[in-house]
Amino acid sequence: MAAPALHLAWSNPVRIHWGAGCFQSLVADAPVVVLADRAALSYENETLLLERLGHHCKGWSWFQGGLASVALAQTLCEEIWPVLRTHPNATVLAIGGGSTLDLAKVLRFRFEDSRTAADAWRSNQLPASASRHPLWLAPTTAGTGSEVTRWATLWDTEILQPVKLSWSPANGYAEHAFVDVELSWSCPLRHSRDCALDTLSHALEALWNRNASPISEVLALDAARLVIEMLPVLLEQPAKHEARVALARASLLAGMAMSHTQTALAHALSYELTLNEEMPHGEACAVWLPMVWELAMGASPACDTALARVFDVPAAEGVQTLRTWLHQLGIAGRDLRTTAAGRATLDQEMRSARGRNFIASP
Ligand SMILES: [Zn+2]
């Protein structure tokens, strides 16, 4: 029987510059305001970038670590928006991990009245009067794929019950992404592990996803298999260039898949661990992957077939292989199905914004 017709609008407007050294090809012919992660940009690269930008560099702010919170975004607005107001054609250039890139995705929309910003972020409503500045993103970790998605995570931590917000205006994509493996050398090994686990989570979440398509599946499978093969290699041989390149490629491919599918149940469950246990995002997703894999099995023949290709064994065996692989990286899976309270949490998260993308959600 012929496969059913597929009507798919696949697009991603981000212009991707890929390869070792591509960041050094960045040139500006208009004003630029930089937001960079102090821990991720070496002094050498900072100097080289300043030289290349020259008089076009109109402002420079540092991300000093921590969660990308509403409070931090407000502080950065106070620094950056006056400069953007003076230079209304300025580009925002962000260099760093997912938090830095996400903050830049928020700040590139400049509001007339900065006092209204937090309410707009909380309601995910972009005012018609907001000015949109061009955005260039240079990831220094191989993991989040944030450079090719249009949404940003903000944490609202100053309220009684902290929550994770998603800022996702329709035109929230960056104009350019510079995926340069040379920038990821500054990333500590433990952080590289967690970022690669985030990539694996994006890839698997794109497979067990209601929005999956044949295109997202190819990207996600390639990404998952690259992480599974090359993350253990990187952890054993941190200087191995090929491993860093493979993980940067996996992050980009998983990000492209996720830009169409969004994330799903493992991400929905991860946010509570990041807020309450301060668990790094990649690890907080990875602990749920074996349970979510088991829940996904049987929901769709196409998904079962895709999961079987992750380890080239039937999906039911693949989940055991995944458990062993994670265990060797020091990650113990968690399971909510063993207690009534856990099952209630699972049911609740399956109905959440991200959980509803999961292929086996009600
Ligand atoms: Zn993630």
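Okay, a quick definition before anything else: I'll say two residues are in contact if their C-beta atoms, placed from the backbone, lie within 7 Å. What we have here is a predicted model, where local features need pLDDT of at least 70, side-chain atom pairs count only at pLDDT 80 or more, and totals for chains, interfaces and linings use all residues. Residues are numbered from 1 along each chain as its sequence is written.

So, the big picture. The domain assignment gives domain 1 (15–182) and domain 2 (188–357); bounds like these come from an automatic or database domain assignment. Taken over C-alpha atoms, the centres of domain 1 and domain 2 are 26 Å apart. How many residues of each domain are in contact with the other? On the domain 1 side there are 12, and they touch 21 residues of domain 2. The domain 1 side of that contact divides into 5 nonpolar, 5 polar and 2 charged residues. For the record, Ala, Val, Leu, Ile, Met, Phe, Trp, Tyr, Cys and Pro count as nonpolar, Asp, Glu, Lys and Arg as charged, and the others, Gly among them, as polar.

Now the sheet. Helices (H or I, at least four residues) and strands (E, at least two) are DSSP runs, numbered from the N terminus, and two strands pair if DSSP finds at least two bridges between them. There's an open sheet of 6 strands with parallel pairing, in the order β1-β10-β7-β4-β2-β3. At the edges sit β1 (15–18) and β3 (57–63), each pairing on one side only.

Let's walk through some of the pairs. β1 and β10 run parallel and are joined by 4 bridges, with Arg 15 opposite His 176 in β10. Then β7 (residues 135–139) pairs with β10 in the parallel sense over 2 bridges, and there Leu 137 stands opposite Ala 177. Further along, β2 (residues 32–37) and β4 (residues 91–96) pair in the parallel sense over 5 bridges; Ala 36 has Ile 95 in β4 as its bridge partner.

Next, what's covered up? I call a residue buried if 20 or more other C-beta atoms lie within 10 Å of its own, exposed if 12 or fewer, and partly exposed in between, with C-beta atoms placed from the backbone. Helix α3 (residues 98–107) is mostly covered, with 10 of its 10 residues buried. Those buried residues include Asp 102 and Lys 105.

Two loop residues are worth a look. Ala 174 is in the loop between β9 (163–167) and β10 (176–179). Why does Ala 174 count as buried? Because it has 28 C-beta neighbours inside 10 Å. Leaving aside neighbours within four places in sequence, its contacts include Trp 136 and Glu 147. Glu 182, in the loop between β10 and α5 (189–207), is partly exposed, with 18 other C-beta atoms within 10 Å. Glu 182 and Val 245 are 63 residues apart in sequence, yet 8.9 Å apart in space, C-alpha to C-alpha.

Last up, the largest nonpolar core. By nonpolar core I mean a set of buried Ala, Val, Leu, Ile, Met, Phe, Trp, Tyr and Cys residues joined through C-beta atoms within 7 Å. The largest one has 104 residues, and those with the most contacts inside it are Ala 203, Ala 223, Val 227 and Leu 247. Helix α7 (residues 241–261) supplies the largest share, 11 residues. Both domain 1 and domain 2 give residues to this core, so it lies between them.
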